[in-house]
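Subject: Structure handover

Hi,

Here is the structure for your files. Please look it over, then read the notes below.

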Amino acid sequence: MSFIKLAMFEKEQAACSSQKRRAADISNFASAVIRVSRSQTKLNTEIVKHLGIIHEYMETMASVHNAFTDRSNALLRVQNLSADLYFLHTRAGKLESVSARGMDQERSRYQKIEELKETVRATEDAKTRALKELELIKENNMNEIKRFNKERRQDLVEMLKGFVLDQATYSDHFATIWTKVAEETKGYANSSS
């Protein structure tokens, strides 16, 4: 806008043709700056639109990470239950192999063995449920990964193509504007050298 004001001032104050020509050149330069500025604003709008797709992609990646964390947690639960079962079976085996010295000790040992067997059954049931949950999570993850690859990958490729095309198109547009300004003002460059 400063160049436009300067051009208007030069035009109003011009006394000879060289001043009028300089005022016209300043006006043309100011118009070129405004066209580039408006084009840059449009390009920025396009970039924001393209980057929105990247933000959606990144949000989806957070969900994917969470899904794999859920899978890891479920696997850890199965492994912990397996370790617990191994410990319980070992402990029950030791109790069964120990001979009792008296009737009270025999009753106590039998009671402990029964409690361990009940704990083993409950732990095996928990492990079975945990395995089913793990398989369900794996299946859901695979389905989501397939869907994600199908949908988001295409969106990402299209976004990249659009981004590069917009950059190239606007770069050409800017080059055309500045080339025209350079041609119109080349007399100043020649006279100053």
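First, the element names: helices (H or I, at least four residues) and strands (E, at least two) are DSSP runs, numbered from the N terminus. This is a predicted model, so local features need pLDDT of at least 70 and side-chain atom pairs count only at pLDDT 80 or more, while totals for chains, interfaces and linings use all residues. Residues are numbered from 1 along each chain as its sequence is written, and side-chain values use heavy atoms, with hydrogens and water left out.

Confidence

The protein averages a pLDDT (the predictor's confidence in each residue, from 0 to 100) of 85. A score of at least 70 is reached by 93% of the residues. Among the elements, α3 has the highest mean pLDDT, 89. Helix α4 (residues 186–192) has the lowest, 70. Where pLDDT is low, the predicted coordinates should not be read in detail.

The largest pocket

The search ran on a 1 Å grid over the protein atoms alone. A pocket is an open set of points with protein on both sides within 12 Å along at least five of seven lines. A cavity is a set where a 1.4 Å probe fits but cannot get out. Lining residues have an atom within 4 Å of a point. Points are joined across faces, edges and corners, and a volume is the space filled by probe spheres set on them.

The largest pocket has a volume of about 150 Å³. Two elements give two or more residues to its lining: α2 (17–97) and α3 (103–184). Which element gives the most to the lining of the largest pocket? That is α3, with six residues. Among the lining residues are Thr 60, Phe 68, Asn 140, Glu 144, Ile 145 and Arg 147.

By class, the lining has five nonpolar, four polar and two charged residues. Here Ala, Val, Leu, Ile, Met, Phe, Trp, Tyr, Cys and Pro count as nonpolar, Asp, Glu, Lys and Arg as charged, and the others, Gly among them, as polar.

Ile 145 sits in helix α3. It counts as partly exposed because its relative accessibility is 24%; buried means under 20% relative accessible area, exposed over 50%, partly exposed in between (1.4 Å probe, protein chains only). Ile 145 and Arg 22 are 123 residues apart in sequence, and their C-alpha atoms are 64 Å apart.

Residues in α2

Is Ser 39 buried or exposed? Ser 39, in helix α2, is buried, because its relative accessible area is 9%. Its side chain makes a polar contact of 3.0 Å with that of His 173. (A polar contact is a pair of N or O atoms within 3.5 Å; within protein, one must be able to donate a hydrogen and the other to accept it, and residues adjacent in sequence count only if both atoms are side-chain atoms.) Leaving out residues up to four places away in sequence, Ser 39 touches (heavy atoms within 4.5 Å) Tyr 170, His 173 and Phe 174.

Asp 25 is also a residue of helix α2. At 13% relative accessibility, Asp 25 is buried. With the sequence neighbours up to four places away left out, Asp 25 touches Glu 184, Thr 185 and Tyr 188.

Gln 79 lies in helix α2 and is partly exposed at 45%. Its C-alpha atom is 9.7 Å from that of Leu 131, 52 residues away along the chain.

A residue in α3

Thr 128 belongs to helix α3. It is partly exposed, with 40% relative accessibility. A polar atom of its side chain lies 2.9 Å from the backbone oxygen of Glu 124. The C-alpha atoms of Thr 128 and Ile 26 are separated by 82 Å.

Best wishes
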